[in-house]
Amino acid sequence: TDMEEADSLTLQSLLEQGVLKHLETVESISTSAQKQFGLKSTMKTMKSEWKTMEFGYMEYKETGTYLVKGIDDVQTLLDDHIIKTQAVRGSPFVKPIEKEVKDWEAKLLYIQELLEQ
């Protein structure tokens, strides 16, 4: 089966099958895979950085209205991640995760809009 063949794939078997004749194609596939992995890692890192981020709040003059406080760290992270996300979205290797990137960017822009109000 295909899985058994994949488990037994060795450099020797690739050489026997003539992989060196297709070296340019293999290099191209490898480069694309590395770039895609890097983009996925960037997205994973950004999402994990938000897990520890907390918004504080305080009541405004006993009016029952609350204000968000201490948003400097949030704003800094937000600005950084919007720029990173736009860079990821602009990569020619983004296709496999394009929807995830667009959804993430939409969330970041929504947060930015909320903070500006």
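## Lysine 95 and its salt bridges

Lysine 95 is exposed, at 65% relative accessibility. Its side chain meets that of glutamate 98 in a salt bridge, with 3.3 Å from N to O. Glutamate 98 is partly exposed, at 24% relative accessibility. The pair belongs to a network of salt bridges that links Lys95, Glu98 and Lys102.

## Model and confidence

The model is predicted. The chain averages a pLDDT of 89, and 94% of the residues score at least 70. Among the elements, helix α1 (residues 2-7) has the lowest mean pLDDT, 57. Helix α3 (residues 23-51) has the highest, 95.

## Helix α3 and its packing

Helix α3 has 29 residues. From first C-alpha to last it reaches 42 Å, close to the 42 Å expected at 1.5 Å a residue. Four of its residues are buried: Leu39, Met43, Met46 and Trp50.

Histidine 81 sits in helix α4. Is histidine 81 buried or exposed? Its relative accessibility is 0%, so histidine 81 counts as buried. Leaving aside residues up to four places away in sequence, histidine 81 touches Met46, Glu49, Trp50, Trp104 and Leu108. Of these, Met46 and Trp50 are among the buried residues of α3.

Another salt bridge pairs the side chains of arginine 89 and glutamate 105, at 3.1 Å from N to O. This pair also links distant parts of the chain, with arginine 89 in helix α4 and glutamate 105 in helix α5, 16 residues apart. How exposed or buried are the two ends? Arginine 89 is partly exposed, at 38% relative accessibility. Glutamate 105 has 10% relative accessibility, so glutamate 105 counts as buried.

Phi of lysine 61 is near 50 degrees, a positive value in a residue other than glycine. Glutamate 62 has a positive phi of about 50 degrees, and glutamate 62 is not a glycine either.

Both side chains lie in the open class. Lysine 61 is exposed, with a relative accessible area of 63%. Glutamate 62 is exposed at 76% relative accessibility.

## A nonpolar surface patch

Leu11, Leu15, Leu20, Leu23 and Val26 make a nonpolar surface patch of about 460 Å². Helices α2 (11-16) and α3 each supply at least two residues of the patch. Leucine 20 lies in the loop between α2 and α3. The relative accessible area of leucine 20 is 58%, so this residue is exposed.

Conventions: Residues numbered from 1 in each chain as written. Predicted model: local features only at pLDDT ≥ 70, side-chain atom pairs only at ≥ 80, totals over all residues. Heavy atoms only, no water. pLDDT = per-residue confidence, 0-100. Expected span 1.5 Å × (residues − 1). Buried < 20%, exposed > 50% of the residue type's maximum accessible area, 1.4 Å probe, protein only. Patch = residues over 30% accessible without salt bridge, like charges linked within 9 Å, V, L, I, M, F, W, Y side chains within 5 Å. Areas by Shrake-Rupley, 256 points an atom, 1.4 Å probe, with all protein chains shown as cover. Salt bridge = Lys/Arg side-chain N within 4 Å of Asp/Glu carboxyl O. Contact = heavy atoms within 4.5 Å.
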